[in-house]
Amino acid sequence: MNDVQLLWVGVLALILLSLGVLLPALLVEVAPESLPRSDDALRGLYQTQLAELERERAGERLSAADHAQAVDELQARLLAELERRTPAGLRRHSVWLQRGSGLLLAVLVPVGAMLLYTQVGDPQAVVRLGQVQESDHMAREGQVQAMVASLAHKLQEEPQNLPGWLMLARSYETLERYGDAAQAYQQALEEARRSGLDTNTQARLLADQADALASAAGGSLEGEAGAAIAQALRLQPTQAKALALAGSAAVRRGDIALARQHWQALLAQMEPGSDMALRVQDDLLKLEALQAGPDK
């Protein structure tokens with residue numbers, strides 16, 4: 001289902017929801033609480049109550065003032081009852097008017113909504129919005145590519161710019177250009193050696209290069225990636241990223257003991273209870289399960 005179809009499904013759902021709220025009140029006939037009495041019944045009731053008042057007055061159970069007040073109240077009730085009476089024909093007319101209004105509303109709301117949208121709306125707006133967003137994404141990606149290319153060109157003129165090589169390598173990784181990232185790490189490593197930087201820095205650069213080489217090789221930690229890992233550990237046996245990669249490489253080779261050695265050394269450097277420490281502990285437990293085998 002494309003974007004335009006999804007839009008129309010949403011419009012239809014909103015129309016049905018609106019009708020579901022409006023129509024029941026118009027289509028359901030509510031029975032009156034009580035049917036008004038006929039004229040004869042009202043007059044008979046009036047005469048009966050009036051006669052009762054006269055008897056009360058004759059028996060001196062009502063004073064003249066109370067009798068007059070009761071008669072006035074009785075007449076007022078009679079008039080009020082006559083005024084609120086609704087002829088049967090008028091009541092039937094109101095019911096059919098109510099139902100007709102509901103049915104007319106059921107037709108006019110969806111048709112009017114569709115006509116209004118086709119006149120002032122834009123059915124292709126969703127499609128164009130998606131195209132604009134895609135164009136914006138491509139434009140931003142193009143800008144990033146241009147900035148990375150500009151940085152690479154600048155570094156050809158400034159090969160001793162170590163921070164620049166690191167930025168270029170990480171930019172290539174963001175763009176998933178892992179082969180280019182590995183070459184940029186190599187340039188950074190050569191500059192670190194030329195500048196006489198400490199072995200810890202060189203080992204970290206080798207571990208980053210190994211990671212990029214592995215990504216470029218589809219995840220393989222052998223070959224050039226494996227050589228970079230080994231070199232990093234020779235320079236700094238406790239280099240965290242190199243230990244993590246070396247443990248993964250050992251698992252893939254089936255060397256569980258070596259993998260455990262690397263990951264235990266990595267765990268010893270981590271803050272107990274941290275997310276990374278818990279993750280390494282989980283990996284060590286998986287090693288135990290692998291070593292125990294399926295039958296134990």
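Analyst: Let us begin with a term. Helices (H or I, at least four residues) and strands (E, at least two) are DSSP runs, numbered from the N terminus. This is a predicted model, in which local features need pLDDT of at least 70 and side-chain atom pairs count only at pLDDT 80 or more, while totals for chains, interfaces and linings use all residues. Residues are numbered from 1 along each chain as its sequence is written, and side-chain values use heavy atoms, with hydrogens and water left out.

User: How many helices and strands does the chain have?

Analyst: The chain has 12 helices and 0 strands. Along the sequence, its pattern reads α-α-α-α-α-α-α-α-α-α-α-α.

User: What share of the residues in the chain is buried?

Analyst: A residue is buried under 20% relative accessible area, exposed over 50% and partly exposed in between (1.4 Å probe, protein chains only). Of the 296 residues in the chain, 25% are buried.

User: Is alanine 259 buried or exposed?

Analyst: Alanine 259 has a relative accessible area of 0% and is therefore buried. This residue belongs to helix H11, which covers residues 256-267. Setting aside residues up to four places away in sequence, alanine 259 touches Gly247, Ala250, Val251 and Leu287. Leucine 287 is 28 residues from alanine 259 along the chain, yet their C-alpha atoms are separated by 8.1 Å.

User: How is the length of a helix checked, and what span should H7 have?

Analyst: The expected span is 1.5 Å times one less than the number of residues in the helix. H7 has 17 residues, so it should span 24 Å; its end C-alpha atoms are 24 Å apart, which agrees. Just after H7, glycine 196 takes a positive phi of about 75°.

User: Which residues of H7 are buried?

Analyst: An α-helix has 3.6 residues a turn, so residues three or four places apart point the same way. In H7 the buried residues are Ala181, Ala182, Ala184, Tyr185, Ala188, Leu189, Glu191 and Ala192. They pack against helix H6 (162-174) and H8.

Take tyrosine 185, found in H7, as an example. Its relative accessibility is 2%, so tyrosine 185 counts as buried. Apart from neighbours within four places in sequence, tyrosine 185 is in contact with Leu166, Ala169, Arg170, Glu173, Leu205, Asp208, Gln209 and Ala212.

User: At what angle do the axes of H7 and H8 cross?

Analyst: Two packed helices are described by the angle between their axes and the distance between the axes. Axes are lines fitted to C-alpha atoms, for helices over the stretch in contact, and angles run from 0 to 180 degrees between N-to-C directions. Helix H7 (residues 178-194) and helix H8 (residues 199-216) have axes that come within 8 Å and cross at roughly 165°.

Angles under 35 degrees count as roughly parallel, over 145 as roughly antiparallel, 65 to 115 as roughly perpendicular and the rest as oblique. H7 and H8 are therefore roughly antiparallel to each other. Their crossing is left-handed; that is, the near helix is turned anticlockwise from the far one by less than a right angle, whereas clockwise would be right-handed.

By class, the contact of H7 with H8 has 12 nonpolar, 5 polar and 2 charged residues. Here Ala, Val, Leu, Ile, Met, Phe, Trp, Tyr, Cys and Pro count as nonpolar, Asp, Glu, Lys and Arg as charged, and the others, Gly among them, as polar.

User: How do H9 and H10 cross?

Analyst: The axes of helix H9 (residues 224-235) and helix H10 (residues 240-253) come within 9 Å and cross at roughly 135°. These two helices are therefore oblique to each other, and H9 passes H10 in a left-handed crossing. Ile229, Ala232 and Leu233 of H9 make the contact with Ala242, Leu243, Leu245 and Ala246 of H10. By class, this contact has 7 nonpolar, no polar and no charged residues.

User: What is to be noted about the phi of glutamate 176?

Analyst: Most residues other than glycine have a negative phi. Glutamate 176 has a positive phi, near 65°. This residue sits in the loop between H6 and H7, and its relative accessible area of 58% makes it exposed.

User: Where does asparagine 161 lie?

Analyst: Asparagine 161 lies in the loop between helix H5 (125-157) and H6. With a relative accessible area of 22%, asparagine 161 is partly exposed.

Note on methods:
Contact = heavy atoms within 4.5 Å.
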